[in-house]
Amino acid sequence: MIATAIRRFRPISLDELVGEAELLTRLDRKYLLPATELPMLLDRMPHDVRVLRIGAEQSFGYRSIYFDTPALDSYLAAAHGRRRRFKIRIRSYLDTGAHFVEVKTRAARGMTAKERIPYAGDGRTLGPEGRAHADSVLTEAGLAPAGYEFRPVMATFYRRTTLFVPSTGSRVTVDTDLTWQLPDGRVARMPDSVIVETKSARAASDVDRLLWSLHHRPCSISKYATGLAALRPELPANKWHPVLRRHFSF
C-alpha cells in the first residue's frame, strides 16, 4: 500500500537527508492513523516532498531494544508526565546493519534531544562505551544516573518510511507492521494502524497542518512506554488507555 502511494516522490539519499534535516534536537508530534487512511494523507502531501532511498529500498526494518532500571524509572517518568525524563535504547537498522546506543532527553520548550554513538555489542548490555555515553548525557540533563542499573526491558520491531519536507526542512516518518516483545516472549501488535511522526525544528510543519485538516490530532503514544503498558497491564497507564483499547492486538 505505502510503496504505491510514495511512488510519485523524488528520492533523497541518506547523506543528503542528514545534511538537510538531521534534527537531533527537535519537536516531535505523533499521530495514530487507520492504515486505510494512509494513502489519502500521502496523496495530499506537497509535491516537493522527497522519500529516503538506500539502494533500491524505500522502506526499512528497525529494531529498538529499550533499557530501563529495575524500578522502571524511565517508564514511570513518562507515565506520570514528569518534565525530566529519558529513554535509552539500542537502535538497529536491520537493512544496513548499523547499530547505535541512543539516549533521548527532554530539552527546553518540549523539544526532544537525541544523542547517539555507534554500538558493536550483542544487545544484552549497553557495553562500557554505551554506559559511559548514557551516564554523560543523563548527567548533562541533570538526571544523576550514577546509581542506576540499566537492563533490557523490551524490543520493538517495525518498518519505516522517511520523508523530507523541503519547505520546512522537516522530516516525517511512517511506521508500519509494529510489534513489541518482552524478554519472556510475550508479544503485542498494532495490525490496523500506522504511526506518523513529524519532526521539525519549529512549531508546526506543512504536514502537521495537513494532518489537522484531515481531522487527525497529535496523540500521546511512546513506542516504549505504550508498548510496555500493553504487555504489562499491572503498570500505571491511564494516559494511554484510549490508545491501548483501540489499536493494540495480542
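User: What does Glu102 touch, leaving out residues up to four places away in sequence?
Analyst: Glu102 touches Lys87, Ile88, Arg89, Arg91, Tyr93, Lys114, Glu115 and Arg116. Contact here means heavy atoms within 4.5 Å. This is a predicted model, where local features need pLDDT of at least 70 and side-chain atom pairs count only at pLDDT 80 or more, while totals for chains, interfaces and linings use all residues. Residues are numbered from 1 along each chain as its sequence is written, and side-chain values use heavy atoms, with hydrogens and water left out.

User: Is Glu102 buried or exposed?
Analyst: Glu102 is buried, because its relative accessibility is 0%. The cut-offs are under 20% relative accessible area for buried, over 50% for exposed and partly exposed in between (1.4 Å probe, protein chains only).

User: Which side chains does the Glu102 side chain make polar contacts with?
Analyst: One is the side chain of Arg89, at 2.8 Å, and another is the side chain of Arg116, at 3.1 Å. A polar contact is a pair of N or O atoms within 3.5 Å; within protein, one must be able to donate a hydrogen and the other to accept it, and residues adjacent in sequence count only if both atoms are side-chain atoms.

User: OK, new topic. How many residues of strand E9 are buried?
Analyst: 10 of the 12 residues of E9 (residues 170–181) are buried, so the strand is largely enclosed by the rest of the structure. Strands (E, at least two residues) and helices (H or I, at least four) are DSSP runs, numbered from the N terminus.

User: Which strand does E9 join through 10 bridges?
Analyst: That's E8 (residues 151–165), and the two run antiparallel. Arg160 stands opposite Asp175 in E9. Two strands count as paired if DSSP finds at least two bridges between them.

User: What about E11 and E10, how many bridges do they make with E9?
Analyst: E9 pairs with E11 (residues 193–200) over five bridges, in the antiparallel sense. Val172 has Thr198 in E11 as its bridge partner. With E10 (residues 187–190), E9 has four bridges, antiparallel too, and there Thr179 is partnered by Arg189.

User: And which residue takes a positive phi in the E9 and E10 hairpin?
Analyst: Gly185 does, near 100°, in a hairpin with five residues between the strands. In the E8 and E9 hairpin, with four residues between the strands, Gly169 has a positive phi near 60°.
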